[in-house]
Amino acid sequence: MARLVKRSQDRPFKVLLGGEEKFLCMCGLSKSQPFCDGSHKLARGEDPGKLYWYDNAGERHACAESFNDIRGFTDPETERQVLLVRRELVAEDTMAFYFSTPEGFSFKPGQSILVKVAVPSESGSVEDGRRFTIASAPQDRELMIVTRLRNTPFKQALKDLPVGAKISINGPSGALVLNENADRPLVFLAGGIGITPFLSMSRDAVRRRLPHPIWLFYGNRRPEDAAFLDELHELERQRSTFHVIAVMSQAEKSARGWIGETGFIRRELLERHLADPRVAHYYFAGPPEMTAATREMLKELGVPKRAMRSEEFYGY
């Protein structure tokens, strides 16, 4: 696969270039797409800070000199101010934050924003940022992000924000967006907090009455951990082409009881619910090890690589 590399140390992400999705490995080592090998060494003949294009034969070519020359889903320079409107617990140790939508702001379901908050430090406070998928749909009045509550300085600062607080966001960015071609079913594979892009996609698809058959496989430990599960089942009742398969890996530890699927999202589960698992567009997101395992499972099912679209989450 052709690849586009930038010599700086950051996480990889995807862009559209010439109408095709390409992987931009910002540490510069995406030799086996879409992963980098983590060694952070320059290839022979490459210079720090330069942008290179590698064709399918592995030949290197001169390319654009800045990210501004890449047209696609990334918009890293746009910073906007938003207000915290409200917050609520949406599952055990999981909180949703609702912000005002800036004038003129638009995004595609599945995209993310960089959220910046003031984090206390020994010298006072330092602005820090984390990337969050937008969990709300484009039709919603507020921008919603969701996070597991962790005892980290950033998460604590976010949790302690008073209603009405003003913060900065950058974006949107990201290429984990829906294929509007309705020739195949869409299959979403989500685990835990990885539901956020698919909540946005599901709300949008049901409201726009997209013709695609959509199957959402949603894995959690217990029902208490499954954010927005009730809402997703309500969307399922509203649209006959939208299906939710919830899976619990530790159902026996739930105080609510569980009579649905148990275990993990696996090949057998897909084969049992989908008419032909090989004929679908797959979307999945999560930590790198989870996305790698999912990609391997789909490969064993006979799903072609071009039918998979994924994004890695970091820091959870």
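Among contacts in this protein between residues at least 6 apart in sequence, 67% join residues at least 24 apart, where a contact means heavy atoms within 4.5 Å. Before going on, note that this is a predicted model, so local features need pLDDT of at least 70, side-chain atom pairs count only at pLDDT 80 or more, and totals for chains, interfaces and linings use all residues. Residues are numbered from 1 along each chain as its sequence is written, and side-chain values use heavy atoms, with hydrogens and water left out.

**The parts list**

The protein has five helices and 17 strands. Both kinds of element are DSSP runs numbered from the N terminus: helices are H or I with at least four residues, strands are E with at least two. Of the 316 residues, 48% count as buried; that word stands for under 20% relative accessible area, with exposed being over 50% and partly exposed in between (1.4 Å probe, protein chains only).

Let's start with the antiparallel one. Its six strands come in the order β9-β8-β11-β6-β7-β10, and two strands pair if DSSP finds at least two bridges between them. β9 (124–133) and β10 (142–148) sit at the edges with a single partner strand each, so one side of each has no neighbour in the sheet. From one strand to the next, the twist averages 40°. Even so, six of the seven residues of β10 are buried, so β10 is largely enclosed by the rest of the structure.

The other sheet is parallel, with six strands ordered β15-β14-β13-β12-β16-β17. Its edge strands, β15 (261–262) and β17 (308–312), each pair on one side only.

| Strand pair | Direction | Bridges | Facing residues |
|---|---|---|---|
| β7 (residues 94–100) and β10 | antiparallel | seven bridges | A96 and V146 |
| β13 and β14 (residues 242–248) | parallel | seven bridges | G219 and V247 |

**Helices lying across the parallel sheet**

Helix α3 (residues 229–238) lies across β13 and β14, running at about 150° to β14. α5, meanwhile, lies across β12, β16 and β17, at about 155° to β16. These angles run from 0 to 180 degrees between N-to-C directions, and the axes are lines fitted to C-alpha atoms, for helices over the stretch in contact.

Now pick out A205, which belongs to helix α2 (residues 196–207). With 5% relative accessibility, A205 counts as buried. Leaving aside residues up to four places away in sequence, A205 touches L210 and I214. A205 and L235 are 30 residues apart in sequence, and their C-alpha atoms are 9.7 Å apart in space.

Of its 29 lining residues, the closest to the centre are G191, G192, I193, G219 and M290. On a 1 Å grid over the protein atoms alone, a pocket is an open set of points with protein on both sides within 12 Å along at least five of seven lines, while a cavity is a set where a 1.4 Å probe fits but cannot get out; lining residues have an atom within 4 Å of a point.

α5 gives the most, with four residues.
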